[in-house]
Amino acid sequence: MIETTTIPILNDNYTFLIKDKKNGIYGLVDPADATPLILILEKKKISLDFILITHHHHDHVGGNFELKKKFPKCKIIGNFYDKERIPEIDITLKPGEFFLIGDSQFEVLDLPGHTIGHIGFYFKKDDSLFCGDTLFSIGCGRLFEGTPDQMTKSLLKIKSLPESTKIFCGHEYTESNANFAKSLDMECTLLKKKNIRYKI
């Protein structure tokens, strides 16, 4: 089982600190900027063991080099098919493969669309998915490299997970996404509920 801490970083990014509760092994998902993350880890007296990368964009891998420098035993995990674009990568996994962070197992989900090599990390026992820039609150990631068909299939793959699944996305875009959606459909009942919930 994992314990997850959400770390707001840069203007609107999220990095996630995960801890395997049984063995006290720590990982970061998509470290955008090393400096504030190192300060947090030092304050908590945490030694970093793994870094999980959903895709190669700089605001998701920007901390790789400095974190590896600070924690040389730390292993960076990413998509085998995108390994040339992930700085300092150590462990390459293919979609469908499983990996253990201590006693906590995740499956690599193939989630192309935002980028061709985009993946997610699904911890089934924890009902947790780290999906990077595939899905946000009231929106999905921009198609920089993939096709609408690829993104649709990726979103349907996420939708097929249990309803109890906790979604950890890479950015806080709720307000801007809601305002954009509202401009397209002012009468959407579900959207109005979201607007009330997020006070938009």
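I count two strands as paired if DSSP finds at least two bridges between them. Helices (H or I, at least four residues) and strands (E, at least two) are DSSP runs, numbered from the N terminus. The model is predicted: local features need pLDDT of at least 70, side-chain atom pairs count only at pLDDT 80 or more, and totals for chains, interfaces and linings use all residues. Residues are numbered from 1 along each chain as its sequence is written, and side-chain values use heavy atoms, with hydrogens and water left out.

**Sheet**

I looked up β7 and β8 (residues 104–110) and found an antiparallel pairing over four bridges. F99 has F106 in β8 as its bridge partner.

I then traced the whole sheet. It is open, has five strands in the order β7-β8-β9-β10-β13, and its pairing is mixed. β7 (98–101) and β13 (166–169) are at the edges with a single partner strand each, so one side of each has no neighbour in the sheet. From one strand to the next the twist averages 25°, with axes fitted to C-alpha atoms and angles running from 0 to 180 degrees between N-to-C directions.

**Helix α4**

Next I checked α4 (residues 148–159), a helix of twelve residues. Its first and last C-alpha are 16 Å apart, close to the 16 Å expected at 1.5 Å a residue, taken as 1.5 Å times one less than the number of residues.

I found M151, S154 and I158 buried (under 20% relative accessible area; exposed is over 50%, partly exposed in between, 1.4 Å probe, protein chains only). Seen down the axis of α4, the buried residues fall within an arc of 60°, so they line one face of the helix; the arc is that of the directions from the helix axis to the C-beta atoms. P148, K153 and K159 are exposed on the other side of α4.

Last, I asked what the buried residues of α4 pack against. They pack against β8, β10 (128–132), β11 (135–136), β12 (139–140) and β13, with contact meaning heavy atoms within 4.5 Å.
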